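Hi,

Here is the structure I promised to pass on. Have a look at it first, and then read on for my notes.

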Amino acid sequence: METPTQFVQWLRSVAPYIHAFGGKTFVVAFPGELVAAGALPVLAQDLSLLVGLGIRIVLVHGSRPQVAEQLDLRNVEGRFHNGVRVTDTAALECAKEAAGELRLDIEAAFSQGLPNTPMSNAQISIVSGNFVVARPLGVIDGVDFELTGVTRKIAAEKIHPILQTEDNLVLLSPLGFSPTGEIFNLTLEDVAASAAIALHADKLIFITETPMIVDAAGTEIRELSSHMAEAVLQAGFLSDSAAFYMQHAIKACNAGVDRAHIIPFEMDGSALLEVFTHDGVGTMISHENLESLRQATIEDVGGIIKLIEPLEADGTLVYRGRELIEREIDQFSVIDHDGVIFGCAALYPFPESKMGEMACLTVSQDAQTQGDGERILKHMENRARAAGLTKLFVLTTRTSHWFKKRGFVPATVDDLPKDRQHMYNWQRRSQVLIKTL
């Protein structure tokens, strides 16, 4: 942070997320490519921060490049079908060896504790075990996957008590065990999605080797409902690896996990940026659309006050106390994104003149330049039309240009409804702009 003010603003901006996530369960999965890229120590620091904030973490690691390396050392060629490894006896031995080495590397990363580092005073305990019950994948398309398996059950009843102990973190490897004592090689994505479902996790986070997911036109995909994500999959423009992550994210969301995230590990701190910022740095999938533009309720008063306070302080908006907002809450509409208010406006009708005043149009600085102001304006215009109004007016001291670009024209105080003329504040000398609906 460059200044104390910036630091305070940043801390205040993440406070709602800290309050919301305390005591929640996140399943965080990362591929072996992250370890090969040397990014494990930084990830451990970031996840330790989440544990310190009271978030319960289940960590799932992958091992594809490490298994491939072990196979190369043995001069054994790896076999795949539809992107999934065919695991023979030699490949299973490589998977076991890779998982053992990775587990030690992960435990070492979470044991950091040097002074003046993010891990100072952190005492994270890694707990792992035979928590994954698996069965053979079987024969698909005529291909016998041999010792490749799929998750049959996650021992949630054993994991939950471990997570309830402070500073504990559960680690799952991409290996599963059968009741007959067999070991199966599993995919990272399958284990992570199954764990998130079994634990009723609040988030499933895939920290991936894939770049940011984009649509067919190259535009970044930031947020999808699970239904929209299924349409993206069917469109067929995703890479095989991105599609595989999305397939399991959709599975988790449809089975009750609130949110699934697919984020690239190439960006430093991507997990923190995804969790603690409005837009994040990856693609978020939820069972339903998270953002709604709706009429405000009394529960939204605090969010509205927080949104408009800075603009009241600098004189952009007229001061409104809590009691006034509570009395007039039915006049407000808000943009609610995942429980946080990011935009608002109020409509005050003057039925005799068939005119309405739109006031307090505000969008959070974190969400500006995304068209939310335009969305709120159109919503308020529709509300005004539904109320039988034919004109909408605003009083503004600083944003007249924005309204003029959207069809408002300059007017005078005499053009306002009589009742509003009597309340006009001549000291502010606000510009009057009117739009015919």
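Phe403 is buried, at 6% relative accessibility (buried means under 20% relative accessible area, exposed over 50%, and partly exposed in between, with a 1.4 Å probe and protein chains only). Trp402, on the other hand, is partly exposed, with a relative accessible area of 27%.

Before I go further, a word on what you are looking at: this is a predicted model, where local features need pLDDT of at least 70 and side-chain atom pairs count only at pLDDT 80 or more, while totals for chains, interfaces and linings use all residues. Residues are numbered from 1 along each chain as its sequence is written, and side-chain values use heavy atoms, with hydrogens and water left out.

Back to the rings. The structure holds 9 aromatic pairs; rings of Phe, Tyr and Trp (its six-membered ring) pair if their centres lie within 6.5 Å, with planes under 30 degrees apart called stacked, over 60 edge-to-face and the rest tilted. One of them is Phe7 with Trp10, a tilted pair at 6.0 Å centre to centre and 35 degrees between the planes. Both sit in helix 1 (residues 4–21), 3 residues apart, so about one helical turn separates Phe7 from Trp10. Phe7 is partly exposed at 40%, and Trp10 is also partly exposed, with 40% relative accessibility. Trp402 and Phe403 pair too: their ring centres are 5.0 Å apart and the planes stand at 85 degrees, so this pair is edge-to-face. There is also an aromatic cluster made of Tyr17, Phe21, Phe26 and Phe276.

For the overall picture, the protein has 15 helices and 23 strands (DSSP runs numbered from the N terminus, H or I of at least four residues for helices and E of at least two for strands). Of its 437 residues, 48% count as buried. The C-alpha atoms fill a box of roughly 90 × 55 × 35 Å along the principal axes. Taking contacts (heavy atoms within 4.5 Å) with a separation of 6 or more, 70% are between residues 24 or more positions apart.

Now the helix packing. Two packed helices are described by the angle between their axes and the distance between the axes. The axes here are lines fitted to C-alpha atoms, for helices over the stretch in contact, and angles run from 0 to 180 degrees between N-to-C directions.

Helix 8 (residues 226–235) packs on helix 9 (residues 240–254) at about 155 degrees, with the axes 10 Å apart. That makes helix 8 roughly antiparallel to helix 9 (over 145 degrees is roughly antiparallel, under 35 roughly parallel, 65 to 115 roughly perpendicular and the rest oblique). The crossing is left-handed, that is, the near helix is turned anticlockwise from the far one by less than a right angle, clockwise being right-handed. Ser226, Ala229, Glu230, Val232 and Leu233 of helix 8 meet Ala243, Met246, Gln247, Ile250, Cys253 and Asn254 of helix 9. By class, this contact of helix 8 with helix 9 has 7 nonpolar, 3 polar and 1 charged residues (Ala, Val, Leu, Ile, Met, Phe, Trp, Tyr, Cys and Pro count as nonpolar, Asp, Glu, Lys and Arg as charged, and the others, Gly among them, as polar).

Helix 9 also packs with helix 7 (residues 188–198), at about 15 degrees and with the axes 9 Å apart. That makes helix 7 roughly parallel to helix 9, and their crossing is right-handed. On the helix 7 side the contact involves Leu188, Glu189, Asp190, Ala193, Ser194 and Ile197, which meet Phe244, Tyr245, His248, Lys251 and Ala252 in helix 9. The residues of this contact divide into 6 nonpolar, 2 polar and 3 charged.

Last, a loop worth a look. Both Ala216 and Ile221 lie in the loop between strand 13 (203–208) and strand 14 (223–225). Ala216 is exposed at 67% relative accessibility, whereas Ile221 is buried at 9%.

Cheers
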